Amino acid sequence: MALAARLVSRSRQLYSVQAAFGNGGATQVRSFAAPADRPPVSGDDLLKGIFFEVKKKFETALGVLKKEKITIDPEDPAAVSRYAQVMKTVREKADLLSDSQRIKYTIETFTKGIPDARTYLNTLQQIRIKSGLIDHLGIEPLMMEALEKIEKDIKKPLLRSDKKNMATLLAEFDKINKKLGIRKEDLPKIEEELELEIAKSELSELKKECVEAMETQLKREEFQDEEMPDVRKLDIRNFL
C-alpha cells in the first residue's frame, strides 16, 4: 500500500497544492459548506465530508492503477507516454487537476497581490524551479532583460497596475516568443510536452525509490543470495 499511496500522490495534485501553498482548505471547505437556507455545518461534519471526499478520490485513483500497466523506464519514450496517459486517466476519473492546471493554479495563488513586475517574474522562476521544470529556451533571462529595459526608461520599478508600461512589457514578451518560435496556436502542443516532461521526471524518481528499496532489502541476511531484479520488469499492480 505504501507504493500505491506514493503513486496516487503523484496525481492528487489538487490536495498537495492546497496543502503546500497555504490555501487552508478553502476549496474543500466551499465544497462542503451548507447552502444559506440550511443550518450551518459543524466542524466535525465538515472534516468528515472532506475526509470521505479525499478517500473516494484516492480509491478511484487506486482502482485505475490496479488495472493499468506501467513500465518503470524513464528512458523509454513509449513508457513515459504510457505513464502520462495512465495519470491522465486517474485525474479524469478522480476529478483532479492536471500538472499544467496545477502549475496555473499555483501561479495564480502565489502571484495574487504582487504589486510589481519584478517580484512577479522572480516568483514565476521560483515556481518553475520547485516544479522541477527546466527553462530550456532561456526565456526567463530574456524576460528580465526586457523588464530592466523598461524600468530603466521609466526610472522606477514597473508596477502591474501601470497599464501603459505593462502593455509595453507584454509587447516585448511577444517579440521574445516570436524570436524563439513560440506561437499561441502551439500552446496545446507545449502543454503536452510539459506533461511528458513531468511524467519522465516522476518515473525517474519512482525508479530511484524502487531501486533504493530493493537495495535495502538485499542487504538483509535472508536475501543475500538474491539478485537485483530489473526495475523495468516490475509490475506495480502486484504491489497494490
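Reader: How many aromatic pairs does the structure hold?

Author: The structure holds one. This is a predicted model, where local features need pLDDT of at least 70, side-chain atom pairs count only at pLDDT 80 or more, and totals for chains, interfaces and linings use all residues. Residues are numbered from 1 along each chain as its sequence is written, and side-chain values use heavy atoms, with hydrogens and water left out.

Reader: What makes Phe 51 and Phe 52 an edge-to-face pair?

Author: Rings of Phe, Tyr and Trp (its six-membered ring) pair if their centres lie within 6.5 Å; planes under 30 degrees apart count as stacked, over 60 as edge-to-face and the rest as tilted. Phe 51 and Phe 52 lie 5.4 Å centre to centre, with 70° between the planes. So the pair is edge-to-face.

Reader: Why is Phe 52 called exposed?

Author: Its relative accessible area is 53%. Exposed means over 50%, buried under 20%, partly exposed in between (1.4 Å probe, protein chains only). So Phe 52 is exposed.

Reader: Why is Glu 151 called buried?

Author: Glu 151 has 12% relative accessibility, so it counts as buried. Glu 151 sits in helix H8, a DSSP run (helices: H or I, at least four residues; strands: E, at least two) numbered from the N terminus.

Reader: Which residues does Glu 151 touch, not counting residues up to four places away in sequence?

Author: Arg 118, Lys 156, Pro 157 and Leu 158. Contact means heavy atoms within 4.5 Å.
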